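Thanks, everyone, for making the time this morning.

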Amino acid sequence: MKKKQLEKLKKQFRPSFEVARKMLFESLEKKTVEKYNLTTNVYIKPENKQEMAIELINDDATVNNYVITVPLDENFNIAVKRVQSQEKGFLDRFSSNLADEVASYWTPSAPVASEAVSEESVAEAEPTTTEGMTIATFKEQMEAFPKFKVEQTEEDIRVVEQTAKENRLLATISATEENQFVIESALERKYKLKLDVIPVIEAFAQTPLAHRS
C-alpha cells in the first residue's frame, strides 16, 4: 500500500476531537486512583465550555478544595490533538504528569511533578512507530506554539523562538542522521512547555529520514 493511501486510511480510523478529549479525561481519572488513591470526576463545566473541572469525590474531611478549574486553552487543545493522532505513549505520559499536578494540589504529601520526574517520564516513553513523523506534521505541531518557528537547511532542522530582541535557538535536529538532536537550555527551562515540546522533537528525530518527507 502506498504511503499516502496508508496515511489516509489511518486518518479515517482516528477518534474525533471530542472522543480524544473524553479519552484524556478518563485516563486522568484512572491515574489519580492508581497513583494516589484519589477518586476524581473530570468534565467540562456546563456553565463555561472553555473550562475543565477536576472534582475530588473522595470523602476526606482534611481536604477543603474539592474542585480544580483548568482553562481549555490552546496548549490543552494541542495535547488533545496529539491524543487524537494516536501518538504512541503520549496519552499515558500526559495524564500521568497531570495526575501528579492534581494530587500535589490536594495532598501536600504527594510529590510535585518536578523536572526530574518529567524527564524520567519522557525517557521511559515507548519508542515512536517506524513511520514516525513527517516534516510537515512536525512544523505544524511546533508552530502551534506562540512565537515558535521551524527553520530547515540541508544539514539540520532548527526550532527557534522569535522574541522582540532576537531569535532564540531551542533545539537542533540533524537532517542527515537519525536520532541526532540537541535540546538547548532555553527550552529545558520552559517547564510547562517542555512536557509538550520535547517529546515531539524526540519523535521527529527518531523518524527514519526516508519517512520525514
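This is a predicted model: local features need pLDDT of at least 70, side-chain atom pairs count only at pLDDT 80 or more; totals for chains, interfaces and linings use all residues.

**Starting from Met-52**

Leaving aside residues up to four places away in sequence, Met-52 touches Phe-25, Val-42, Tyr-43, Ile-44, Lys-45, Ile-68, Thr-69, Val-70, Leu-72 and Phe-76.

Widening the view, Met-52 belongs to the largest nonpolar core, a set of 23 residues, and is listed among those with the most contacts inside it, together with Leu-38, Val-42, Ile-54, Phe-76, Val-80 and Trp-106. At least two residues of this core come from each of α2 (17–36), β2 (51–56), α3 (74–84) and α4 (90–106). Another core lies apart from this one, with 22 residues that include Met-142, Ile-173, Ile-198 and Ala-205. As general background, nonpolar side chains in soluble globular proteins tend to be buried together.

Let me turn now to the sheet. Which order do its strands follow? The sheet is open, its three strands run in the order β1-β2-β3, and the pairing is antiparallel. The edges are formed by β1 (40–44) and β3 (67–71), each of which pairs on one side only, and from one strand to the next the twist averages 20°.

Between β2 and β3, the antiparallel pairing extends over five bridges, and Glu-55 is found opposite Val-67 in β3. Finally, α2 packs on the sheet, where it touches β1 and β2, and the direction of α2 makes about 160° with that of β1.

Key: Residues are numbered from 1 along each chain as its sequence is written. Side-chain values use heavy atoms; hydrogens and water are left out. A nonpolar core is a set of buried Ala, Val, Leu, Ile, Met, Phe, Trp, Tyr and Cys residues joined through side-chain atoms within 4.5 Å. Buried means under 20% relative accessible area, exposed over 50%, partly exposed in between (1.4 Å probe, protein chains only). Helices (H or I, at least four residues) and strands (E, at least two) are DSSP runs, numbered from the N terminus. Contact means heavy atoms within 4.5 Å. Two strands pair if DSSP finds at least two bridges between them. Axes are lines fitted to C-alpha atoms, for helices over the stretch in contact, and angles run from 0 to 180 degrees between N-to-C directions.
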